[in-house]
Amino acid sequence: LYVRRKAVLDFVFVGESGTGTGVTQEFYSSTAQALQRRDENERVGLWDVGFDDSGTAGGGSGDRSEYLNPPGGLFPAAIPQTEASVAAAVAAVAAVAAGAGPGRGSGGSSGQQRKASNAAGSSSSSAAKAAAASAAAAATKLAKVMERFKLMGRMAGKAVMDSRIFPLPLDPHFFALALGEVITDDAALEVLGRKGAVLRALVQLCNRRRALVTSNAEAAMDVDGAAAAGAGTSDPFFLSVRVCTPGGTVSKVAVDGICLTFEDPASSHPLLPGGEDKAVTDGNLEEYCNLMTRYLLRDGVAAQVAAFRDGLDDVLPGNALAAFTPVEASRLVCGRRGVHWTEVSLLSDICPEQGLTTESSSVRLLVQTLVGMSQLERSEFLLFTTCCPHLPPGGMAGLQPRFKVHPKVDWI
C-alpha cells in the first residue's frame with residue numbers, strides 16, 4: 001500500500017504512544033530480528049545454516065542461539081526449483097501482493113495443491129499422484145520463501161529511501177546476485193560454512209590437477225610442493241580430511257573415499273537425473289564441483305534473489321543500487337555489522353549538551369566504558385540507545401539525529 005509513495009514512512013506500535021525516528025527504526029530492527037529467528041528458519045527454510053553445523057551460534061561452543069547470526073552474513077538456502085514450481089510460487093506471491101492477504105495467499109497455494117491432486121486423481125498411477133503432490137508441496141514452500149524475500153526487498157528499499165537501517169545481516173554475495181553479478185570466485189563458497197569449505201577444497205583440488213595437465217608438470221609440482229610445505233593440503237591427488245573433521249588428525253583421503261553422490265546433501269536434490277545413485281569419483285569430480293557450485297550459488301537461489309529484486313524495484317525502480325559495489329550496498333541497507341570505535345573517534349562524534357563537554361569526567365567515563373565493551377555489548381548498547389544494533393556507513397558520525405549526551409535530570 002505504501003511502498004511506492006515517496007513520503008517518509010513512520011510506524012507506531014499498537015497500544016503504545018511513542019512516535020518518531022526511534023520507534024520507526026525499532027520496527028525495522030524488530031522485523032530483521034524476526035527474519036533471523038532459528039525456529040522460523042527451520043519452519044520455512046530461508047537461510048543456509050552450513051556455518052552452524054555444530055548447532056551453536058556462529059559454529060562455536062555454548063548454548064544454541066535463538067537467532068541466526070553467521071560470521072559472514074546470511075545467505076539463502078538453496079531450494080530445488082523447476083519452471084512449474086517457480087511459476088506457481090510467483091502466482092501465489094502476486095496474489096498476496098494484490099491484496100489477497102496471507103490467508104488468501106496460502107489458500108492460493110492450497111488451490112494449486114488441490115488442482116495438482118485433482119489432476120493426479122484422474123490418473124490411475126500412484127507414482128503420478130505422488131509426483132503431483134510433491135510438486136505442489138515444493139511450489140507452496142517456494143511461495144512462502146519468495147514472499148518473505150520480496151518483503152525484505154521492499155523493507156531494504158524503503159530503508160534506503162527514508163535514510164533508515166534495515167539491520168538484517170545479509171552477506172555481500174547475496175547483494176552481488178541481487179545486483180545482477182555472477183559469482184565466479186570459489187572463495188564465495190565460504191559463505192556456506194563447513195559445507196562450502198568442503199566443496200571449495202574439492203574445487204581447489206580440481207584446479208591443482210588441471211594445472212598439472214595444462215602447464216609444465218615440474219613447475220606445477222614445485223609450486224604445489226611449496227604450498228604443501230606451508231599448508232599441508234596441496235596434494236593434487238588427495239583431499240585433507242581436516243575440512244571434514246575440524247580439530248581431527250590430518251590425513252589424506254582419495255576422492256572415492258568421501259562417499260559423495262551427485263545430490264545436495266542438505267536437500268537430497270539430485271544435481272542431474274539419477275544423481276542420487278551416481279557416485280563422485282576421480283573421473284567426474286570436476287563435473288560434480290561445477291554442478292554443486294552452480295546449484296548452491298545460482299540455480300538454487302535464483303527465485304529468492306528475483307523476489308528480493310522485485311521488492312526492491314517496487315520502492316527504488318531502475319536498479320538504483322547498481323552504482324554501489326555489493327559491500328557498499330550491504331552497508332547502505334543493513335549498516336556496518338562490526339561496531340568499531342576508539343576513544344578519539346567517540347570524543348569527536350559524541351555531542352555533549354547542557355553544560356557537559358568532552359573534558360567532563362562523566363563523558364570521559366562513558367567513552368572509556370564504550371571502548372572497553374565487547375562487540376556484542378556494543379551492539380546491545382546501540383540497540384538500546386538508537387533502536388538499531390548496526391551503525392550507518394559513516395559510523396557514529398553518521399547517526400541522524402546525532403548521538404547526544406546530557407546530564408540526568410530528576411523530574412519532580
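## Helix packing and aromatic pairs in a predicted model

Among contacts in the protein chain between residues at least 6 apart in sequence, 69% join residues that are at least 24 apart. The model is a predicted one, and its secondary structure comes to 13 helices and four strands. Of the 412 residues of the protein chain, 40% count as buried, while the accessible surface comes to about 21300 Å², with 56% of that area belonging to carbon and sulfur atoms.

With a relative accessible area of 38%, Leu-151 is partly exposed.

Helix α13 spans residues 375-386, and its 12 residues reach 16 Å from the first C-alpha to the last, close to the 16 Å expected at 1.5 Å a residue. Buried in α13 are Arg-378, Ser-379, Phe-381, Leu-382 and Thr-386. These residues cover an arc of only 160° around the axis, which puts them on the same side of α13. An α-helix has 3.6 residues a turn, so residues three or four places apart point the same way. The face of α13 turned away from its buried side carries the exposed residues Leu-376 and Phe-384. On the buried side, the residues of α13 pack against α1 (21-35) and α12 (361-371). Following α13 comes Cys-387, whose phi is positive, near 65°.

Helix α12 can be described in the same terms. Its buried residues are Val-363, Val-367 and Leu-370. Seen down the axis of α12, these buried residues fall within an arc of 65°, so they line one face of the helix. Ser-361 and Leu-365 are exposed and are carried on the face of α12 turned away from its buried side. The buried residues of α12 pack against α11 (343-349), β3 (351-352), α13 and β4.

A search of the whole structure finds nine aromatic pairs. The rings of Phe-174 and Phe-308 have their planes at 75° and their centres 4.9 Å apart, so this pair is edge-to-face. The pair links distant parts of the chain, with Phe-174 in helix α5 (residues 172-178) and Phe-308 in helix α9 (residues 302-315), 134 residues apart. Phe-174 counts as buried because its relative accessibility is 0%, and Phe-308, at 1% relative accessibility, counts as buried too.

Phe-381 and Phe-403 form an aromatic pair that is tilted, with 6.0 Å from centre to centre and 45° between the planes. This pair also links distant parts of the chain, since Phe-381 belongs to helix α13 and Phe-403 to the loop between α13 and β4 (404-405), 22 residues apart. Both Phe-381 and Phe-403 are buried. The geometry of the two pairs is set out below.

| Pair | Centre to centre | Angle between planes | Arrangement |
|---|---|---|---|
| Phe-174 and Phe-308 | 4.9 Å | 75° | edge-to-face |
| Phe-381 and Phe-403 | 6.0 Å | 45° | tilted |

Phe-174 and Phe-308 also belong to a cluster, in which ring pairs link Trp-47, Phe-149, Phe-174, Phe-175 and Phe-308. A contact of another kind involves Phe-262, where the charged end of Lys-278 sits over the ring, 4.7 Å from its centre.

Methods. Residues numbered from 1 in each chain as written. Predicted model: local features only at pLDDT ≥ 70, side-chain atom pairs only at ≥ 80, totals over all residues. Heavy atoms only, no water. Helix = DSSP H or I, 4+ residues; strand = E, 2+ residues; numbered from the N terminus. Expected span 1.5 Å × (residues − 1). Buried < 20%, exposed > 50% of the residue type's maximum accessible area, 1.4 Å probe, protein only. Arc of directions from axis to C-beta. Contact = heavy atoms within 4.5 Å. Areas by Shrake-Rupley, 256 points an atom, 1.4 Å probe, with all protein chains shown as cover. Phe/Tyr/Trp six-rings, centres within 6.5 Å; stacked < 30°, edge-to-face > 60°. Lys NZ or Arg CZ within 6 Å of the ring centre and 35° of its normal.
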